[in-house]
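Welcome! Here is a short briefing to read alongside the model. Please take a look at the structure first.

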Amino acid sequence: MQEDLETMTDVADRDGLLDRIRRLVLGGDFPPGAVLPEAFLAQEFAVSRTPIREALKQLQHEGLVEIRPKVGTFVREPTRREIIELFQLKESLEGLAASLLARRGEVPELAVLRRNLEESELAVLTNDADTYARLVHEFHWTIVRGSDNHKLVEHYERLMNQLAYQRLVLRTVEHPGRIQASTREHRAVLDMIEHKDPFGAEASMRNHVHASSREALMNEPATNVRN
């Protein structure tokens, strides 16, 4: 029994360390191409290098870093082709999530979405791109969680990590007129959900994600256009 508890604790510790390093990578503290020094990470999280290496191997499996033997570990950015393919999956998953949420009726997620849109419209008026980027993240995740489909949530989380979506949003909101257009698209999605129209909700969400993908690719750096 004691051994089982110790094993569970070890797994929880590894998962916690993995989550913290993943957030560090996705948060932008280390930009694409930057090296992730094992010694720094071990000191930062007060652990030995062994669990750091294990976490980095998992992040490489997720597509977030690239481990170059005898050179180092580097933050990886998706290629243009990968971004296109990941957005295609994102469009399908979020379209399905909006459809499922529309079927559920008046659930707590709707209040979150309504408040989110109010704050988004204020962010548009004040041209607050950082706040808007945070609200975009909340809007999409609220719909996905509101689908009440655990497998959908599980696959969506992995997809969003691979897409490094937060970095893409921070770039696209700087495009003139994008946050205004994005807010209108969010409003259209919520309207369909509130009207309990699953087909309209899915179509509106797919249209929104497709528009977002165009913006993301438009802002994709010229150094990342390989197939």
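Glu-91 is found in helix α4, helices being DSSP runs of H or I with at least four residues, numbered from the N terminus. This is a predicted model, in which local features need pLDDT of at least 70 and side-chain atom pairs count only at pLDDT 80 or more, while totals for chains, interfaces and linings use all residues. Residues are numbered from 1 along each chain as its sequence is written, and side-chain values use heavy atoms, leaving out hydrogens and water.

**Glu-91 and its partners**
- Glu-91 is buried, with a relative accessible area of 19%; buried means under 20%, exposed over 50% and partly exposed in between, for a 1.4 Å probe and protein chains only.
- Leaving aside neighbours within four places in sequence, Glu-91 is in contact with Arg-206, Val-209 and His-210, where contact means heavy atoms within 4.5 Å.
- The side chains of Glu-91 and Arg-206 are joined by a polar contact of 3.3 Å.

**Helix α4**
- Helix α4 covers residues 80-102, 23 residues in total.
- Its buried residues include Ile-83, Leu-86, Phe-87 and Leu-101.

**Val-136**
- Val-136 lies in helix α6, residues 129-146, and is buried at a relative accessible area of 5%.
- The C-alpha atoms of Val-136 and Ser-120 are separated by 8.2 Å, the two residues being 16 apart along the chain.

**Confidence**
- The mean pLDDT of the protein is 85, and 84% of its residues reach 70 or more; pLDDT is the predictor's confidence in each residue, from 0 to 100.
- Over residues 1-12 pLDDT stays under 50, and the model has 0 contacts beyond four places in sequence for them.

Note on methods: Helix = DSSP H or I, 4+ residues; strand = E, 2+ residues; numbered from the N terminus. Expected span 1.5 Å × (residues − 1). Polar contact = N/O pair within 3.5 Å; in protein donor to acceptor, adjacent residues only side chain to side chain.
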